[in-house]
Amino acid sequence: MVLTKSKISENLFEKFNLNKRISKAFVYFFFEEIVKSLEKGENVKLSGFGNFKLINKKERPGRNPKTGKKVIISKRRVVVFKAGRKLKNRISNCFIKNKY
């Protein structure tokens, strides 16, 4: 099972008795605000959940896995997510309870 934006929107509709259009707009707005902040170069901190952080990676040598030919991997900016303590604990406790 995969959680999607439409599923989140559906859950808001069911649990809070929101209009479907409003719940969909809320989810869109929430994720759009995260993206806008990252585009501005800001880190995003969601208390109790985790942090989205921007990292600038330098240019480096690499290799094409199909051909084995050496290539240069260009410098780029990437987003990394680091789970917060509360999220880590909940996931860890879920793992222990379900004995996966």
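This is a predicted model: local features need pLDDT of at least 70, side-chain atom pairs count only at pLDDT 80 or more; totals for chains, interfaces and linings use all residues.
Which residue with a positive phi follows helix 2?

**Stop 1: helix 1.** Select residues 5-16, which form helix 1. Step just past the helix to N17, where phi is positive, about 55°.

**Stop 2: the start of helix 2.** Now select residues 20-39, the 20 residues of helix 2. Zoom in on N19: one of its side-chain oxygens comes within 2.6 Å of the backbone nitrogen of R21, at the start of the helix.

**Stop 3: the two sides of helix 2.** Colour S23, V27, I34, S37 and L38, the buried residues of this helix. Look down the axis of helix 2: these buried residues fall within an arc of 120°, so they line one face. Their packing partners are helix 1, strand 1 (44-46), strand 2 (50-57) and strand 5 (76-83). Turn to the face pointing away from the buried side and you will find the exposed residues R21, K24, Y28 and E39.

**Stop 4: the end of helix 2.** Here is the reply to the opening question: G41 follows helix 2, with a positive phi near 90°.

**Stop 5: the core.** Finally, show I34, L38, V44, F52 and L54 together, the 5 residues of the largest nonpolar core. Helix 2 and strand 2 each supply at least two of its residues. Click on L38 to finish: beyond its neighbours within four places in sequence, L38 is in contact with V44, F52, L54 and V79.

Notes. Residues are numbered from 1 along each chain as its sequence is written. Side-chain values use heavy atoms; hydrogens and water are left out. Helices (H or I, at least four residues) and strands (E, at least two) are DSSP runs, numbered from the N terminus. The expected span of a helix is 1.5 Å times one less than its number of residues. Buried means under 20% relative accessible area, exposed over 50%, partly exposed in between (1.4 Å probe, protein chains only). The arc is that of the directions from the helix axis to the C-beta atoms. Contact means heavy atoms within 4.5 Å. A polar contact is a pair of N or O atoms within 3.5 Å; within protein, one must be able to donate a hydrogen and the other to accept it, and residues adjacent in sequence count only if both atoms are side-chain atoms. A nonpolar core is a set of buried Ala, Val, Leu, Ile, Met, Phe, Trp, Tyr and Cys residues joined through side-chain atoms within 4.5 Å.
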